[in-house]
Amino acid sequence: MFSTFLEYGAAFFEATVFVYGVSLLIIYALLALLSFKNIQEYLKKESYNDYKVIVASPLAPGISVIAPAFNEGVTIIANVRSLLTLDYPKYEVIIINDGSTDDTLAKVIKEFSMVKVDFAYDIKISAKPVRGVYKSTDKAYAKLVVVDKENGKAKADASNVGINVSSFPYFLCTDVDCILHEQTLQKLVRPIMEEENRRVIATGATLRMVNSCVVDEGVLKEIRAPRAFLARFQEMEYIRAFVLGKMGWSKINAVPNVSGGLGLFDKEIVIKSGGYDPASFGEDMELMMRMSRYVRDNKIPAAIRHIPVTLCWTEGPTSLKVFMRQRTRWGRGLIQLMIAHRKMLFNPRYGRVGLLVFPYNFFYELLAPVIEFLGILYYIALIMTGQVNWPFAIILLIFVYTYSVMISTLAVLWDQLTFHYYKDWKDVARVASMVFIEMLVYHPLIVIFAIRGYYFQLSNRKHTWGNMQRKGFQKTTSKTAPSS
Amino acid sequence: MPNILVIEDDDIMLKAIRNILSKDGYTVVTAKDGKEAFEKLDSGTFDIVITDLMMPYANGLEVVSRLRTDESKKGIGIIVVSSVGNEETITEAFRLGADDYLKKPIMAGELLIRIRKLIASLNSKGGLITQNK
Amino acid sequence: MWTDLADLLFQAYERFGLLPLFIEIALAFIVIAVLATLIAYGAILWKRYKGFLQDKRTAFISPIIEDLITEQVLLNEKLGTDTPVDDIEFDQKALANLIYKKAFVRQILIDTLIQYRKNFRGEVGDLLRKLYLDMGLQKESYAKLKSIKWERKIKAVVELTQMDISISDVTILPLTNSGNASLRAAARNAYIQLSKNEPFKFFDIATEPLLPWDQLEMFKIITTTKDIPIPNFSRWVSYSSNKSVVTFCLKLIAHYDQQSAVPAVMDLLANKDHYFRASAINCLGKLTAEVAEEKMVRIYNNQPLICQTEILKAMGRIGSGKHLEFLKQEFLYSSNFDIRMNAARSIIKHKSEESEKLVEELMQITHEENQLIIRHCKNPLIKY
């Protein structure tokens with residue numbers, strides 16, 4: 001009786017995993033095709049598009065660049081300077097000093113001759129109190145605004161203050177330590193300006209690792225693949241997630257998320273959706289969900305767009321400990337979000353988001369680590385009881401392995417189609433080689449850390465990190481890599 | 001002949017202006033971004049600076065502002081050449097102390113005339129920096 | 001277990017059909033995946049190799065082309081003399097260089113000439129155009145125009161427009177209604193710039209929206225091309241049913257300060273679309289249309305917030321001083337922050353004796369937050 005129950009259970013589990021696995025593979029194949037098509041269309045448009053027109057135009061919409069900073073004293077000046085030299089005719093740079101305990105604020109005030117001003121703004125999204133707003137007495141820095149606020153233990157809170165202070169209809173959400181391409185604003189605003197029937201509420205672009213790139217005073221001099229293994233895996237993973245994943249989703253107007261590292265947002269919709277949630281572990285995706293809900297509830301035909309070019313370089317963690325914290329946090333964020341918005345699952349009221357984006361994230365992002373983990377346990381159990389059909393098992397393993405290698409290799413290819421990011425072909429090889437060992441080395445880590453995150457969230461563990469998590473890894477590596 | 005520093009991040013434009021000015025007999029030094037511009041400004045003396053607005057490291061307005069607040073460089077004539085055409089930026093440049101503003105696409109002849117005029121007015125104000133030395 | 005696997009693969013080879021379905025699928029996919037991966041690697045290598053070659057070729061060609069343009073155009077001795085540009089002859093020997101016969105060199109040449117044209121107008125610009133014509137490069141562009149690929153068509157249209165070479169109406173007009181939005185936009189721009197008689201004709205017939213991105217280029221072309229007869233844009237404000245055409249015309253009216261359009265723009269104040277009304281109000285403000293003030297104040301209370309803030313801004317731009325009391329009331333008693341902010345800004349913007357007195361008075365009687373608003377608006381350091 002008990003054993004038949006187990007057998008049924010096993011059969012059911014096998015069938016489910018099989019269906020699950022096959023559907024996942026099909027989805028990846030479809031994404032690869034969709035993103036390829038989307039990238040081709042994008043490249044065709046780029047081939048004749050002239051961005052100089054928007055730089056020279058009085059019709060360019062204004063954009064507020066919002067960059068929170070916490071204890072960035074070492075690099076703050078170079079990073080602010082780099083934000084001040086973006087190629088765009090009408091923008092402001094809002095640096096939010098999130099209660100730094102170092103000399104971040106003092107350095108900025110001195111370097112850019114800033115003074116405290118009486119600054120009136122409306123608290124459209126509630127956030128921690130502002131201690132002061134600073135403006136430069138030098139007209140050359142007229143577009144710089146520095147806001148000093150109390151630490152809110154979350155980037156979300158700082159970003160919200162930035163939104164309150166900002167004066168333009170669009171805002172770019174980024175981190176002060178991200179290195180942005182000089183054309184970032186022009187390229188991100190274009191999808192908003194050339195959409196015919198929908199209101200584009202957010203656009204994102206690809207992010208990469210800055211770890212081994214040559215950076216001089218906040219200006220990117222040479223793009224290189226990370227040398228450190230952990231960062232190299234992340235570069236690979238980012239390329240796949242952005243170039244293949246999000247570009248594919250963008251084609252069918254189902255982008256699940258615009259990264260917190262770089263995204264251009266429609267401010268009105270963000271404010272009406274309530275802004276970033278400081279209590280969330282994945283505030284970028286959480287906001288996206290609420291924005292999607294808002295536009296649906298108010299019957300605004302909307303879209304979220306993604307472009308394949310890399311416009312932002314960010315520091316990836318190189319120590320396992322910091323990496324674990326980051327991914328655990330992401331895991332927490334995901335499950336927290338899924339629980340909070342569970343009503344959207346298969347809810348036709350929310351259109352594509354309810355029927356496609358949310359279910360995909362639920363089954364293939366949230367449940368994937370769990371199913372994989374259980375699958376491995378199951379296999380171990382089978383091995384222990386000697387029930388494994390080894391030839392079949394090995395064939396299936398090879399199948400999954402070759403398939404994942406193929407998908408990731410395609411991602412590298414798609415990425416190379418958009419632009420020759422690395423000058424040296426050896427850098428391509430460095431990233432591409434990760435494809436072959438990812439499944440054995442990197443992937444198990446991600447699964448374990450995600451499950452760790454789920455466990456923490458479900459057992460309601462208090463998070464003792466905040467800024468440490470967000471910024472901790474900054475201290476482990478230096479900004480500029482040696483050029484050897 | 002007067003020394004001119006041309007700051008411009010577009011390679012084609014940089015070379016073109018250099019060629020046109022050299023042909024007219026000016027001594028031309030070029031810089032392709034804000035950082036290089038400040039280095040050249042510190043190491044050499046110039047009568048006129050022609051600067052673009054958007055470029056890496058430091059934008060043109062910073063160049064203008066730095067020249068106007070530096071006692072030793074106050075007398076340098078500044079011409080901004082930029083594709084940015086919105087009124088705010090143009091007035092901003094003038095308020096910071098730029099002497100002239102040319103919007104791209106420019107007319108080469110016009111640039112030369114404006115340089116000549118600027119030199120004449122600098123001369124009447126107390127002479128060119130390079131010639132006073 | 002490995003011998004089992006070997007057996008199985010051998011079996012698979014011998015009797016593929018006898019294996020369980022999922023193993024068959026898996027085996028088939030392994031083959032596909034391995035092949036696809038290999039092809040992808042091949043493609044990456046090929047792509048990089050091609051890119052490498054192209055970079056090398058460009059690196060070799062570009063200096064030659066730049067020298068040609070520098071010597072023949074920029075430093076041409078005849079420039080600045082009385083010789084008309086059309087009569088300036090190039091050094092035929094330099095132009096006859098054999099490399100200019102190669103297709104890819106000609107394309108680089110076209111692209112480079114366009115780059116220069118974006119930086120230079122006037123005589124140099126005209127001479128660049130003459131070089132393009134003398135080298136017969138328009139043939140390349142016309143050939144592309146006949147391509148079935150729309151991106152090549154666009155490239156052709158852009159090249160011809162940049163070089164100011166006319167395209168016959170028969171060719172360009174159908175393209176202005178193309179189903180492809182980008183081609184449509186390029187064709188419209190070309191039509192405006194190149195059509196000698198009625199450049200704005202398609203405003204009458206355009207049914208497709210004029211996207212904001214395309215407006216950028218069109219605005220540039222309208223405002224920078226010489227000899228375009230600028231029409232009275234109020235015509236379309238009154239009669240066009242295409243909203244994007246109307247909003248675009250509002251921007252042009254403001255740019256050209258077409259005072260005669262004021263009545264037509266005022267008619268839009270009764271339009272049902274909020275965004276539309278807001279643009280109209282914005283335009284009236286930029287026209288400093290004093291006649292519209294009364295009406296705007298009258299309809300103010302029934303407007304949504306975006307129109308109300310636009311009205312307040314317009315009051316500041318017009319600055320007649322007749323409605324300072326209205327601004328004062330809004331500033332003192334509105335519960336909405338944006339309204340108070342805009343009212344304060346507009347009062348200060350008047351810069352009259354009366355308004356300055358009013359600001360002083362307001363500082364005395366109003367509460368702390370409003371005082372902060374005034375100090376904010378008065379501070380010259382705060383740009384936006």
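Two residues are in contact if their C-beta atoms, placed from the backbone, lie within 7 Å. The model discussed here is predicted.

Q: Which residues does F323(A) touch, not counting residues up to four places away in sequence?
A: F323(A) belongs to helix α10 of chain A, which spans residues 320–340. Once residues up to four places away in sequence are set aside, the contacts of F323(A) are L230(A) and P317(A).

Q: Is F323(A) buried or exposed?
A: A residue with 20 or more other C-beta atoms within 10 Å is buried. F323(A) has 21 C-beta neighbours inside 10 Å, and therefore F323(A) counts as buried.

Q: How far apart in space are F323(A) and F449(A), C-alpha to C-alpha?
A: In sequence, F323(A) and F449(A) are separated by 126 residues. In space, their C-alpha to C-alpha separation is 9.0 Å.

Q: Is K153(A) buried or exposed?
A: K153(A) is located in the loop between β5 (144–149) and α5 (155–165) of chain A. Its phi is near 60 degrees, a positive value in a residue other than glycine. Because K153(A) has 20 C-beta neighbours inside 10 Å, the residue counts as buried.

Q: Where is D164(C) found, and what is its phi?
A: The loop between α7 (150–162) and α8 (169–175) of chain C contains D164(C). With 15 other C-beta atoms within 10 Å, D164(C) is partly exposed. Although D164(C) is not a glycine, its phi is positive, at about 60 degrees.

Q: What is the geometry of the peptide bond from K104(B) to P105(B)?
A: P105(B) lies in the loop between β5 (100–103) and β6 (106–107) of chain B. The bond from K104(B) to P105(B) has omega near 0 degrees and is cis.

Terms used. Residues are numbered from 1 along each chain as its sequence is written. Chains are lettered from A and ligands numbered from 1 in the order in which they are written. This is a predicted model: local features need pLDDT of at least 70, side-chain atom pairs count only at pLDDT 80 or more; totals for chains, interfaces and linings use all residues. Helices (H or I, at least four residues) and strands (E, at least two) are DSSP runs, numbered from the N terminus. A residue is buried if 20 or more other C-beta atoms lie within 10 Å of its own, exposed if 12 or fewer, and partly exposed in between; C-beta atoms are placed from the backbone.
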